[in-house]
Amino acid sequence: MDFPPSGPYAFFLDREGRDADELKRVLVEFELRHPVGRWVDLDVRTSDLSAVSRTQLGLAERRCIICDRPAKECARSRRHPVEELYQVTMRALEAYAGM
């Protein structure tokens with residue numbers, strides 16, 4: 001399976017007037033609690049295609065998997081070498097797979 005350079009992601013579109021805010025809260029909980037949830041980006045869009053953000057819901061922003069700083073800050077500055085990201089990712093995947 002090929003992923004874009006930004007990694008795996010999914011968009012959820014609230015087309016039927018369901019509570020997009022609640023869906024975003026559920027997906028953030030998944031990202032935080034699932035053993036490899038921090039490696040996926042699950043976004044929610046409303047019927048007008050507006051993104052539902054963590055900050056507009058009063059939730060903490062995504063944190064870096066290495067240093068726990070804001071993830072955007074580390075990604076933009078390329079603070080961590082690719083090899084370090086790879087090693088952290090492989091350890092998490094191996095632990096999840098029971099290897």
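Trainee: Which residues does Ala92 touch, not counting those up to four places away in sequence?

Mentor: This is a predicted model, in which local features need pLDDT of at least 70 and side-chain atom pairs count only at pLDDT 80 or more, whereas totals for chains, interfaces and linings use all residues. Residues are numbered from 1 along each chain as its sequence is written, and side-chain values use heavy atoms, leaving out hydrogens and water. A contact requires heavy atoms within 4.5 Å. With residues up to four places away in sequence set aside, the residues that Ala92 touches are Val36 and Trp39.

Trainee: Does Ala92 count as buried or exposed?

Mentor: Ala92 has its place in helix α3; helices (H or I, at least four residues) and strands (E, at least two) are DSSP runs, numbered from the N terminus. Buried means under 20% relative accessible area, exposed over 50% and partly exposed in between (1.4 Å probe, protein chains only). Because its relative accessibility is 17%, Ala92 counts as buried.

Trainee: What distance separates the C-alpha atoms of Ala92 and Pro35?

Mentor: Along the chain, these two residues are 57 residues apart. Between the C-alpha atoms of Ala92 and Pro35, the separation is 7.3 Å.

Trainee: How far does helix α3 reach from its first C-alpha to its last?

Mentor: Helix α3 covers residues 82–97, 16 residues in total, and is followed by Gly98, whose phi is positive, near 75°. The expected span is 1.5 Å times one less than the number of residues. For α3 the expectation is 22 Å, and the helix comes close to it, with a reach of 22 Å.

Trainee: Which residue in β3 is the bridge partner of Arg45?

Mentor: Two strands pair if DSSP finds at least two bridges between them. β2 and β3 (residues 51–52) run antiparallel and are joined by two bridges. In β3, the bridge partner of Arg45 is Ala51.

Trainee: What is the phi of Leu49?

Mentor: Most residues other than glycine have a negative phi. Leu49 lies in the loop between β2 and β3, a hairpin with five residues between the strands, and counts as exposed because its relative accessibility is 55%. Its phi is positive, near 70°.

Trainee: What is the relative accessible area of Asp68?

Mentor: Asp68 is found in the loop between β3 and α2 (71–77). Although it is not a glycine, Asp68 has a positive phi of about 70°. Asp68 is partly exposed because its relative accessible area is 45%.
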